[in-house]
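I opened my notebook to go through this model entry by entry. Each entry says what I looked up and what I found.

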Amino acid sequence: MLDKELVSGYLAGDSVCFDKLYQKYHRRVLGYLYNQTKDPELARDISQNTWLKIIKQLKNYNPTYDVGPFIIRIAQSELIDSYRRIMKDERVKDISVYVPVSDVFVEEIVETLPYPLKDVV
C-alpha cells in the first residue's frame with residue numbers, strides 16, 4: 001500500500017493504516033530525533049509527542065507530496081518546541097541566580113508581612 005493510501009485509510013477510520021504508517025516511519029523519526037538530541041530518553045519523549053501531533057495533523061496532509069517529509073517536518077517542529085520548553089524551565093529554575101537580592105529589599109518585603117510572620121522571619 002502506498003503511503004498516501006495509508007493516510008487516506010486512516011482518515012477514513014482504519015487504524016491498521018496508521019499502524020502501518022507508524023511501523024514504516026517510527027525508526028526514521030526516532031533516528032532523526034536522537035541525531036539531533038544525542039539523548040535517547042529525550043528523543044523517545046519527543047518522538048511520542050511527534051506521533052500525537054502527526055495524528056492531529058494528518059487531516060492537513062496534502063497527498064500531492066510525500067508523507068515522509070511531512071512526518072519529519074512535524075518531528076522538527078516538536079523538537080524545536082521541546083527545546084523551547086526546556087529552556088523556559090531552565091530559566092525559571094535559575095532565576096534566583098540572575099536576580100540579585102539586597103538586604104534592603106528583603107527588609108522591605110518583611111515589613112509588608114503581617115505581625116506573626118515578621119517574628120518568624
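**Confidence**

I began with confidence, since this is a predicted model. The mean pLDDT of the chain is 84, and 74% of its residues reach 70 or more. Over residues 95-99, pLDDT stays under 50. The model has zero contacts beyond four places in sequence for residues 95-99. Where pLDDT is low, the predicted coordinates should not be read in detail. I left that stretch alone.

**Aromatic pairs**

How many aromatic pairs does the structure hold? I found four. One of them is Phe18 with Trp51, an edge-to-face pair. I noted 5.8 Å centre to centre and 85 degrees between the planes. Phe18 sits in helix 2 (residues 15-37) and Trp51 in helix 3 (residues 40-57), so this pair ties together parts 33 residues apart in sequence. Phe18 and Trp51 are both buried.

I looked up Tyr22 and Trp51 next. They also form an aromatic pair, again edge-to-face, at 4.9 Å centre to centre and 70 degrees between the planes. Here too the pair links distant parts of the chain, with Tyr22 in helix 2 and Trp51 in helix 3, 29 residues apart.

Ring pairs link Tyr10, Phe18, Tyr22 and Trp51 into a cluster.

**Nonpolar core**

Which residues touch the most other members of the largest nonpolar core? That core has 22 residues, and I wrote down Leu21 and Ile71. Helix 1 (3-11), helix 2, helix 3 and helix 4 (67-93) are the elements that give two or more residues to this core. Helix 4 supplies the largest share, seven residues.

Not counting residues up to four places away in sequence, Ile71 touches Leu21, Tyr25, Val29, Trp51 and Ile54.

**Helix 3**

I checked the length of helix 3. At 1.5 Å a residue, its 18 residues should span 26 Å. The end C-alpha atoms of helix 3 are 25 Å apart, which agrees.

Which residues of helix 3 are buried? I listed Leu42, Ala43, Ile46, Ser47, Thr50, Trp51 and Ile54. I then looked at the start of helix 3. A side-chain oxygen of Asp39 comes to within 3.1 Å of the backbone nitrogen of Glu41 there.

**Asp3**

Asp3 has a relative accessible area of 12%, so I recorded Asp3 as buried. What joins the side chains of Asp3 and Lys24? I found a polar contact of 3.0 Å. Leaving aside neighbours within four places in sequence, Asp3 is in contact with Leu21, Lys24, Tyr25 and Val67.

**Lys38**

My last entry is on backbone angles. Lys38 has a positive phi of about 60 degrees, although Lys38 is not a glycine. I placed Lys38 in the loop between helix 2 and helix 3. Is Lys38 buried or exposed? Its relative accessible area is 54%, so Lys38 counts as exposed.

How values were computed
Residues numbered from 1 in each chain as written. Predicted model: local features only at pLDDT ≥ 70, side-chain atom pairs only at ≥ 80, totals over all residues. Heavy atoms only, no water. Phe/Tyr/Trp six-rings, centres within 6.5 Å; stacked < 30°, edge-to-face > 60°. Helix = DSSP H or I, 4+ residues; strand = E, 2+ residues; numbered from the N terminus. Buried < 20%, exposed > 50% of the residue type's maximum accessible area, 1.4 Å probe, protein only. Core = buried A, V, L, I, M, F, W, Y, C linked by side-chain atoms within 4.5 Å. Contact = heavy atoms within 4.5 Å. Expected span 1.5 Å × (residues − 1). Polar contact = N/O pair within 3.5 Å; in protein donor to acceptor, adjacent residues only side chain to side chain. pLDDT = per-residue confidence, 0-100.
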